[in-house]
Amino acid sequence: MTVPKSLVLVLDSTDPEPLARFYAALLGATVEPHGGDPDLLLVSGASGAVLGIRRDLGQAPPSWPRPEDAQQAHLEILVAPDALDEAEREAVSLGARPVAAVRDGTRTDRRTDLRRYTDPAGHSFVLATTSPVQAVPPLPRQRRS
């Protein structure tokens, strides 16, 4: 029997409440405190994804995209190709800072299809196109012998 587990990607922040509200607004999600940890807020979306924002008074924002520091992790937010511009306007209006925009060559209209940002606390995230936007199906369970 496998012990039930949950996976939560956690971002550290010196001020977690505004950062949690940023992601909740961007993702159309809700924010709730974690019952067992007063310094952890959980942002839960309709797709079932959960993002944790944890208070860490010593946290320093990553310096990415400067070349001397490698990007260690980022959030990738998938949107329909025809909604990318609208998603970008929404992200920027909520406090995201644009970093870069690139094309992967799949679009014929010469527009970018991947846009990089930092959130208000300096963590990197990407708005990328996919069609259609759907929740990722769960992986099949593997049986152990």
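Asp37 counts as buried because its relative accessibility is 17%, where buried means under 20% relative accessible area, exposed over 50% and partly exposed in between (1.4 Å probe, protein chains only). The residue belongs to strand S3 (residues 37-44). The side chain of Asp37 comes to 2.9 Å from the backbone nitrogen of Asp39.

The model is predicted: local features need pLDDT of at least 70 and side-chain atom pairs count only at pLDDT 80 or more, while totals for chains, interfaces and linings use all residues. Residues are numbered from 1 along each chain as its sequence is written, and side-chain values use heavy atoms, with hydrogens and water left out.

The chain contains 2 helices and 8 strands. Helices (H or I, at least four residues) and strands (E, at least two) are DSSP runs numbered from the N terminus. Read from that end, the elements follow the order β-α-β-β-β-β-α-β-β-β. Of its 145 residues, 29% count as buried.

Helix H1 covers residues 16-27, 12 residues in total, and spans 16 Å from its first C-alpha to its last, close to the 16 Å expected at 1.5 Å a residue. That expected span is 1.5 Å times one less than the number of residues. Buried residues in H1 include Leu19, Phe22, Tyr23 and Leu26.

Four strands form an open sheet in the order S5-S8-S7-S6, with mixed pairing; two strands pair if DSSP finds at least two bridges between them. Strands S5 (75-79) and S6 (97-102) are at the edges with a single partner strand each, so one side of each has no neighbour in the sheet. From one strand to the next, the twist averages 25 degrees. Strand S7 (residues 114-118) pairs with strand S8 (residues 124-129) in the antiparallel sense over 5 bridges. Ser124 in S8 is the bridge partner of Thr118.

Helix H2 (residues 84-93) lies across S5, S6, S7 and S8, and runs at about 160 degrees to S8. Axes are lines fitted to C-alpha atoms, for helices over the stretch in contact, and angles run from 0 to 180 degrees between N-to-C directions; contact means heavy atoms within 4.5 Å.

Key. A polar contact is a pair of N or O atoms within 3.5 Å; within protein, one must be able to donate a hydrogen and the other to accept it, and residues adjacent in sequence count only if both atoms are side-chain atoms.
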